[in-house]
Every structure is written in C-alpha cells, then in structure tokens.
4 protein chains.
Amino acid sequence: MYISKKEIQVSYADTDMMGIIYHANYLKWFELGRTQLIEDVGYSYAEMEKSGYCAPVLKIEITYKKPIRYGERVMVETWIEENHGLKTTYGYHVVNGEGDLCAFGTTRHAVVRKDNFKPVQFMKYFPGWFQKYEEIKKK
Amino acid sequence: MYISKKEIQVSYADTDMMGIIYHANYLKWFELGRTQLIEDVGYSYAEMEKSGYCAPVLKIEITYKKPIRYGERVMVETWIEENHGLKTTYGYHVVNGEGDLCAFGTTRHAVVRKDNFKPVQFMKYFPGWFQKYEEIKKK
Amino acid sequence: MYISKKEIQVSYADTDMMGIIYHANYLKWFELGRTQLIEDVGYSYAEMEKSGYCAPVLKIEITYKKPIRYGERVMVETWIEENHGLKTTYGYHVVNGEGDLCAFGTTRHAVVRKDNFKPVQFMKYFPGWFQKYEEIKKK
Amino acid sequence: MYISKKEIQVSYADTDMMGIIYHANYLKWFELGRTQLIEDVGYSYAEMEKSGYCAPVLKIEITYKKPIRYGERVMVETWIEENHGLKTTYGYHVVNGEGDLCAFGTTRHAVVRKDNFKPVQFMKYFPGWFQKYEEIKKK
C-alpha cells in the first residue's frame, strides 16, 4: 500500500474560539492530502476537471482523537482504502508534529460528468489512473 | 422525537468551481442546526462556553445524495439520535427548497472542560439539559 | 439613499482563537448584504450568472472598530456608494445587537462575461438594474 | 526593504462557482504571508499570543487585478509598509506562477492584550521585534 504524505499550511483562520482547529477544516486537509496522492502517482485532479469530469464526495467519516492547536505542524497521510469501478475510497491519518494520530477518516468519491453530474466508470474513462490505484491500494 | 428546523443562509463563498456547495460547508450547516435545536429546548451553547465547558466534535458521518447549488433554499433538520452520560449524537437532514433530501449525517460530541479538554459527564454537569434530551431523543 | 438590512447567521466556524470573528469572514457578510440589497430592488445575482455574466470584486476596503463575539446579533446595512457605467461600489455597515458600528467598508465590482472575464457595461447589459441603482444610490 | 516570500497551498475549497478563488480567501493568504515574514525575522505570532497579546486587524485594503484559478501556483510577498509605536501596516503582493501581479493590498494591525483588547505600545512591549521592523521596513 502506498501512503502519500502532505504537510499542511495551518492558518489562524482555521482556528475557532475553543483555541483549536475547527473540525470542518480537517476536510480541506483531506482534500489537500488526496490531491497530493493523485500527483504522487502521476495524475492531476485539475486536469480531470479540464477534460469534463469531476469527483464529488459521496460520503465522509472522520474521527477526532486529539485537538490540534495553531502553531503545531500537521501532516496528512493518504492512501487508497478501496477502489471499485464506480467508487473510490481514500483513507486518511492526520498526524501532528510529535507524531500523534490526531484524526482519521475516509472519503468516498465517484467520477461524474461536470455538465450533468451523471456518474461514469472511473475504470473505463481513466483506465491508467484506475490501474495505478489497483496497484497501490490497501491489500 | 423532536426535530428542529433551521433555514440556512447560503453564501456564494460556500460554492466551489464544480458550481455546487463545497462538501465541508455542510458541517457548518450541521453546526447551525445543532445550535438551533439547543435554543429550541431552552439552552444556549454560548452560555455553556461562558460557564467553562465546550462540546467538541468526536466523530462525523455524512452522506451526500444530491448537490446543492447557489440560489437554492436549504433547510437543516436536527434531532437527538443518541444521548448518553458522556456522549451525545445529533442526527441531521439537509433538505432543499423542493423538499429533496440532499444529505444526511450524524455528529457525536462530548462535554469537556475548556481549560484542559478533559471530558465531564453531561448528565451530571448539565442535568436539566441532559434530561431535556432524554425527552426529545429518537425512540 | 436606500439602505438594505440583513441579519447574519453567525457561526462558531467564523470565530478564531482570539475569541472573536475572524476578520476575513466579514467579507462573506458583505456578500450577504449585497445580495440582499439586489433582491430588495427586484433583481437576483443568481439570475445574472445564469444569463452568462458575473460581478467579481475589484477592490475592498474595510475598517474594524469593535470585535464581534459568538452569540452576538449581527446586522449588515448595505447601500450603493457609487454607480458608474463600468463600476459599482457598495457601502456597508456592520452593526451588533446593541447598535454599535463594529466595522464599515466598501466593495467595488465590475460586470464581466463568465466565459472570458471581459468587462461589459452594466448600464447597457442590465439597464433596468442600473437605473434602479441610480435612483437609490448615495446622493 | 525586506520582502518575505511564501508559497501558498491553494485548495479546491477556496474556489467559487465563478471558477476562480473566492476573494475573501486572499485575506487568509495575507495572513500566511505575514506569519512567514514574522518567522523570517526571528519571531513567532503564536508566541506573542502565548505571552498574552494578539495583533488584530484594524483596516484592510485589497485590489484584485487578475483572477486566480485552481491549479495555479500562488506566491505572497510581504513587507512592512509602515511601522509606528501603536500601529504596523503590512504590504502584500499576490503573484501567480507566471509572475503576474494578481492582487495587492495592505493590512493594519495593533497589538492588544488578549484579555481585554486594550491596545499596548508594540515598541514598548516587543522592543526587539519593533526594532527589527524599523530596519526592514519600506524606506
């Protein structure tokens, strides 16, 4: 299984009045992690969109273990949890500068046409990309 | 079971280049729905914080069924899915102006001290509030 | 001069670790105020976009007088500060529940084609809307 | 004059349905640029807050010259535009991967006590930091 690593730019804007990172902002970090994994294996989400397709989120699960504060280093580790013809699930670990697992989760995606949001077969429309995910996915 | 209803102010800022609402923003809507439910039953999250406690998110699940576009009306329906001494789970429906169920999910929370994030018994520290949730929760 | 009033849904997500609303979020409130003014005079920004045009921000000025905290009521007052053939400037007051002026500012906009971002004459492409702004603008 | 350079992580979350970066998000980039400049000269905003002070924004001006799209590289250049005993103004350039100036602006800040938001003399409470700004500021 290949695990992509992405260091995150944590912004003061991401904090809330509890003095920690607001929970919804972790989903932006998942997005950055996912985008990095795609680049690591030689593809580009921006290029997918230019070709008329996009990959909206169908389902998210996230568990928060330890709050993250402004000034901490944050790393997102991303892998392919599952890969099917119509749906791909990414797995994530959010790790702080001490190596503590602060949160973990998954996001499930489909590939759809940008103009009508109708799902298409990832396997058929992006065969090289799909095949790459087969190779690196969690066994 | 009591269901709180909250109409959401959808902002252009919440959209993304797919032309739909960016998925992480639904979590802000869940927050607004949850806050409304709390007010509906006579309490105030802001007052909880002033008294030295807060209720961070422990776990989120959300499933997206239908994209929401700028200009659509959005309603969040919120209820108490589960209520235990240490953890409360809220349930949510996101509904558009045509009454379509666009997304649904849950968020699980604990009550903790603001100064050290140590969990406390919701039941014991906010007994009236806890009891109210017992009355209105999903049976 | 017509002044539109819009009550804002303040979210916990909008706070930062100073315990106040993060400054960039006021720009989202300006957006909500501006959208309300447009609706008040009988038009719709969403409809402008459907017809192939949009109105990006060219310039912003904002002065912060008093911090706003979670739990406070927030009202945005919006008016037409200037209106020219190519550029329209909106003026804003951000007022809390006690009526204190917490921030004020302006945003300048042009109307452009969505496909190439080339500016067009607001006066010529949306003559009724432009005329309405002439009537209600600051004298 | 010293100019700090910071490459920005542009997120899909930052886009809007115009297909460009939503204007308010540039202010988060200004924040990242400012934080980098502070680190470049040997200080830390996070440490300022730990010592009981913070530096809220008093005034912002920003002019947008050219839209930025997802997938573009973004660099923020930050410098000290003005530095007085009570107020410091940072200047910013937002530059894309082709070196185009896409936006520019300023933010003015005061140092205040975190507990009551009363302004204090930056010069007096952080003399080394203030002196450093005197050396690197725009002449």
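Tutor: Two strands are taken to pair if DSSP finds at least two bridges between them. The model discussed here is predicted.

Student: In what order do the 3 strands of the open sheet in chain C stand?

Tutor: The pairing in this open sheet of chain C is antiparallel. Its edge strands, each pairing on one side only, are strand 2 (53-54) and strand 8 (119-120) of chain C.

Student: Which helix gives the largest share of the side of chain D that touches chain A?

Tutor: The contact involves 10 residues of chain D and 10 residues of chain A. On the side of chain D, these divide into 5 nonpolar, 3 polar and 2 charged residues. The largest share, 3 residues, comes from residues 25-40 of chain D, namely helix 1.

Student: What kind of axis relates chain D to chain A?

Tutor: Chain D is superposed on chain A by a rotation of 180° with 0.0 Å of shift along the axis, at an RMSD of 0.0 Å. Of the interface residues of chain D, 100% are also interface residues in chain A, so the copies meet through the same surface. The relation is that of a two-fold axis.

Student: Which residue of chain D comes closest to the rotation axis?

Tutor: The axis in question is that of the 180° rotation superposing chain D on chain A. By C-alpha position, the closest residue of chain D lies at 3.4 Å from this axis, and that residue is Gln9(D).

Conventions:
Residues numbered from 1 in each chain as written. Chains lettered and ligands numbered in written order. Predicted model: local features only at pLDDT ≥ 70, side-chain atom pairs only at ≥ 80, totals over all residues. Contact = placed C-beta atoms within 7 Å. Helix = DSSP H or I, 4+ residues; strand = E, 2+ residues; numbered from the N terminus. Nonpolar A, V, L, I, M, F, W, Y, C, P; charged D, E, K, R; others polar. Least-squares fit on C-alpha atoms with pLDDT ≥ 70 in both.
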